[in-house]
Amino acid sequence: MLTLTVNGKNYEFSGDPTTPVLWFLRDELDLTGPKFGCGMAQCGACTVHIDGVAQRSCVLPVSAAVGRKITTIEGLSEDGDHPVQKAWLDNKVPQCGFCQCGQIMQAASLLASNPTPTDEEIVATMSGNICRCGTYPRIHKAIKAASKSIAGVEYYTPEKEGENA
Amino acid sequence: MSQYFDMQRRKFLKSSAALGSLVVGTCFLGAAPRALAGVLTPPSDTAKTANLFVALRPDGIVEITCHRSEMGQQIRTAVAQIVADEMEAAWDKIVVIQAKGDPKYGDQNTDGSRSIRFNLQRLREMGASVRYMMQHAAAKRWGVEPSSCSAVQHLVTHTSGKTFTYAELVSDALSITPPEADALTLKTREEWRYINTGMAHIDLQDIVTGKATFAADVRAPKALVAIIERPPVVGGKVKSVDDTATRAVKGVIDVVSIPAPTGAPQFQPKGGVAVVAENTWAAMQGRRALKIEWDDGPNGDYNSESFKAQLLETVNAPQEMVREKGDAASVLANDTDKLVADYYMPHLTQAPMEPPCATAMYYEDRVDVWASTQNPQADMETVGKMVGMEKEKINVHVTMLGGAFGRKSKPDFSAEAAYVSMKTGKPIRVQWTREDDIQHGYYHAVSAQHIEASLNDQGGIEAYLHRTAFAPIASTFAEGANAPFSFELDLGFTDNPILTPNLKLERGEAPAKARIGWMRSVTNIFHAFAVQSFIAEAAHKAGKDQKDYLLEVIGPDRVLDVTTQNAKYNNYWGNKSVYPLDIARLRGAIEKVADMSGWGRELPKGRGLGIAAHRSFLTYIATVVEVEVSDSGELDIIKSWVSVDAGTVVNTDSVINQTQGGSIYGITTAISGGITFDEGRVQQSNFHDFRVPRMSDSPLDVEVEIIQNGEAPAGVGEPATPVYAPALCNAIFAACGKRIRTLPIGDQLKA
Ligand code: FES
Ligand code: FES
């Protein structure tokens with residue numbers, strides 16, 4: 001019997017310990033925000049936070065998540081008001097929407113560790129998340145916007161000065 | 001009981017909708033042409049009796065039925081915008097109901113970029129009817145002239161200042177006879193408040209919070225999961241199966257054989273062996289443990305390398321004439337310096353972000369299906385055949401599609417779910433893996449194109465010959481069909497806009513050794529690639545600027561009627577007087593995008609601009625791509641600009657989003673290695689070897705401008721895709737002098 005912590009609650013799981021976290025969330029807990037897009041860490045649709053860091057739940061066995069905090073899109077914010085979600089709404093990012101929970105979780109994790117990423121850092125971090133509808137320009141823009149609202153204050157950096165000059 | 005009004009019988013019908021609602025449908029409004037005369041090209045012969053519903057509930061909430069599938073084009077929002085605008089409904093009182101599959105709605109096949117084209121007029125009329133009834137109900141209560149009452153934002157106001165809310169008028173309106181079509185006054189373009197704006201789409205909040213229901217998210221009924229091992233070769237079947245190890249996997253409940261299809265593939269499942277389990281992981285493990293021997297059948301020899309050679313051989317020999325003017329053959333025969341080029345593109349697969357998935361529950365007298373389908377009426381038909389029931393007994397609920405791009409108008413996955421449910425007596429969710437999606441698709445056809453042109457002294461095109469060859473979609477529906485048919489040739493081949501005294505278009509045959517299906521913009525992809533690349537090649541030969549030359553060869557403003565040149569042409573089933581092939585609009589798009597992109601500006605070494613323009617799905621579009629190619633051959637797409645003339649548009653932001661996304665989808669054709677076959681088997685399996693564009697492959701800015709006009713509405717979901725690859729390859733040539741005629745680009749820039 002394994003105990004898993006998802007969105008702040010504990011759950012018991014007696015099934016196959018090699019079961020990926022994705023299928024535990026979707027099939028056992030009916031948390032369907034994390035999506036199945038590839039099953040081999042290629043697309044990012046299944047992205048959740050493990051102790052606050054974005055990870056592909058489709059390749060992470062439940063046994064490796066014991067004792068760690070799993071957060072899904074359903075647990076990212078009370079009512080969809082995380083700055084990244086707000087930026088997604090403001091920039092009307094989604095088309096079909098299927099990839100977007102994964103994109104948002106990836107972006108939220110990026111901004112948590114690096115509130116003012118450069119354009120290149122955004123591209124590098126987000127390129128593991130496929131959007132077949134091609135919303136990349138909007139995702140990029142929304143992350144910049146969320147970065148502004150998260151960062152709040154703009155710190156002085158020499159590169160920035162160069163950009164503004 | 002609420003009531004539906006049946007105009008044919010001029011009486012109200014009982015319905016199960018909310019008590020006391022006013023329900024208005026389109027059936028009785030007919031196809032009266034007015035503001036947008038001719039827009040209503042009938043999508044099917046049921047169009048005239050089609051019922052779309054809007055219901056005004058006693059609490060004032062408006063329920064609008066959307067009968068088209070939502071796959072990211074925001075059709076649910078657009079339908080609501082149209083109806084709410086004409087009925088003067090307040091936006092916060094709108095609820096959109098997703099229609100089940102039912103022929104009463106008319107055509108529900110959400111493909112061909114035609115939802116707005118086929119429905120704008122009748123949805124406007126439906127909305128305007130409700131506004132009319134509100135006005136008339138209020139006038140009757142007050143005993144005044146209806147013309148002295150105006151309906152604005154859920155409120156009817158008399159000239160004296162007194163008001164009724166829509167909610168207060170619902171029961172009165174039930175006794176008002178709905179207007180005949182010609183008694184309606186539709187709003188003018190200037191009066192629109194929702195149409196032609198970029199309002200946020202109605203499912204946005206659900207999407208960003210993970211609440212939107214895609215096919216695999218359906219939890220009622222609570223289903224068992226089936227994962228299916230299908231024959232790797234089209235037309236193949238199971239020779240023997242050993243499922244001992246599978247049945248020993250914990251959580252596996254059953255193993256069900258699915259029969260191999262007969263005749264043409266159509267939308268039938270490929271057959272195979274389904275592993276039914278308590279959860280997805282167990283079903284996956286169970287499938288892995290199956291031991292199956294296959295009988296491959298006649299397509300076991302399909303090999304992409306030899307097929308490529310066969311296609312190129314075909315287009316290099318005379319073929320059947322499709323369109324002809326003057327005598328291109330003899331001009332070309334006498335030109336020792338003609339420009340000749342062969343173009344090739346591999347099979348591609350749609351790879352929608354959510355792999356196919358459907359849930360089904362079989363009962364003695366009906367089947368309930370929940371599926372991500374583009375065409376629920378096709379599910380009714382296909383599922384009905386699979387389980388031996390009339391299609392009327394198949395209830396198809398449409399979920400959010402999770403992307404589709406043509407794959408999900410083929411409901412083989414729904415039929416699989418229904419069949420396994422019938423065999424097990426349990427609710428079943430058939431989950432396709434990405435490997436299943438890549439290896440068991442309905443593929444975009446592999447193709448070869450051959451073009452020759454003779455240039456005159458001024459560099460103009462004196463004679464032009466184009467041959468195309470590919471396996472037709474018809475092969476999916478008729479066994480052995482191997483000749484491209486008119487509809488596929490219409491897409492960017494027959495409607496070639498080049499103005500030249502001598503022109504010949506020919507089509508070659510090719511057998512289908514895989515299931516062929518449509519993918520976003522279909523054969524426009526390879527036709528536009530060849531034609532728009534070739535024009536840029538000719539510009540180079542003539543020593544002229546790409547953009548100037550493109551304008552020169554398509555010639556002056558005029559309406560092009562290719563049927564005067566011995567051609568058959570369906571014009572996307574658009575009425576030719578409403579949707580002529582208007583060269584002025586194509587030129588307008590080119591000039592616009594040239595302007596947007598600063599065409600002609602100085603660029604640093606290694607950078608280049610490329611342009612391409614094309615009409616597809618009755619929309620005129622032009623794209624400019626800017627690239628940088630490094631000395632070592634690394635490609636970087638810097639930015640793209642797109643001008644789009646789709647006539648009247650409903651949601652401007654969706655048009656921009658679709659155009660951006662359609663452009664990036666077009667990058668797939670350039671960078672993906674495509675789908676290749678050996679021994680009849682697909683050689684790719686997941687996103688590691690079937691590459692699709694990622695953020696690092698995409699420009700971070702795709703600037704889109706909508707050319708605003710009052711022309712009839714045309715398609716939006718598809719047109720941005722075909723122009724992208726040629727604009728990109730033309731930009732690559734401008735940047736580094738390397739001409740790409742074979743896609744994918746692969747290592748060609750490194751050589
Ligand atoms: S489903 Fe996990 S990365 Fe694609
Ligand atoms: S919005 Fe459709 S896959 Fe990203």
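Everything described here comes from a predicted model.

**Salt bridges between the chains**

The side chain of A:Asp30 meets that of B:Arg219 in a salt bridge, with 3.0 Å from N to O. A:Asp30 lies in the loop between helix H1 (21-28) and strand S3 (47-50) of chain A, while B:Arg219 lies in the loop between H4 and strand S10 (224-229) of chain B, so the pair joins two chains. B:Arg219 is buried, with a relative accessible area of 19%, which falls under the 20% cut-off.

What does A:Lys35 form a salt bridge with? The partner is B:Asp217, and the closest N and O atoms are 2.5 Å apart. This pair also crosses between chains, running from the loop between H1 and S3 of chain A to the loop between H4 and S10 of chain B. A:Lys35 counts as buried at 0% relative accessibility, and B:Asp217 counts as buried at 6%.

**A pair within chain B, and a network**

In chain B, the side chains of B:Lys547 and B:Asp548 meet in a salt bridge. B:Lys547 is buried, with a relative accessible area of 16%, whereas B:Asp548 is partly exposed at 41%. Elsewhere, salt bridges that share partners link B:Glu229, B:Arg230, B:Arg287, B:Glu416 and B:Asp436 into one network. Over all chains, the count comes to 56 salt bridges.

| Lys or Arg | Asp or Glu | N to O distance |
|---|---|---|
| B:Arg219 | A:Asp30 | 3.0 Å |
| A:Lys35 | B:Asp217 | 2.5 Å |
| B:Lys547 | B:Asp548 | 3.3 Å |

**Two helices of chain A**

Now to the helices. In helix H3 (residues 83-90) of chain A, the buried residues are A:Val84, A:Gln85, A:Ala87 and A:Trp88. They sit on the same side of H3(A) because they cover an arc of only 160° around the axis. Their packing partners are helix H2 (73-76), H4 and H6 of chain A, together with helix H4 (204-208) of chain B. After H3(A) comes A:Lys92, which has a positive phi, near 45°.

Helix H5 (residues 119-126) of chain A has A:Ile122, A:Val123 and A:Met126 as its buried residues. These cover an arc of only 95° around the axis, which means they are on the same side of H5(A). Which residues are exposed on the other side of H5(A)? They are A:Glu120 and A:Ala124. The cover over the buried residues of H5(A) includes helix H4 (100-113) and helix H6 (136-151) of chain A.

Conventions: Residues numbered from 1 in each chain as written. Chains lettered and ligands numbered in written order. Predicted model: local features only at pLDDT ≥ 70, side-chain atom pairs only at ≥ 80, totals over all residues. Heavy atoms only, no water. Buried < 20%, exposed > 50% of the residue type's maximum accessible area, 1.4 Å probe, protein only. Helix = DSSP H or I, 4+ residues; strand = E, 2+ residues; numbered from the N terminus. Arc of directions from axis to C-beta. Contact = heavy atoms within 4.5 Å. Salt bridge = Lys/Arg side-chain N within 4 Å of Asp/Glu carboxyl O.
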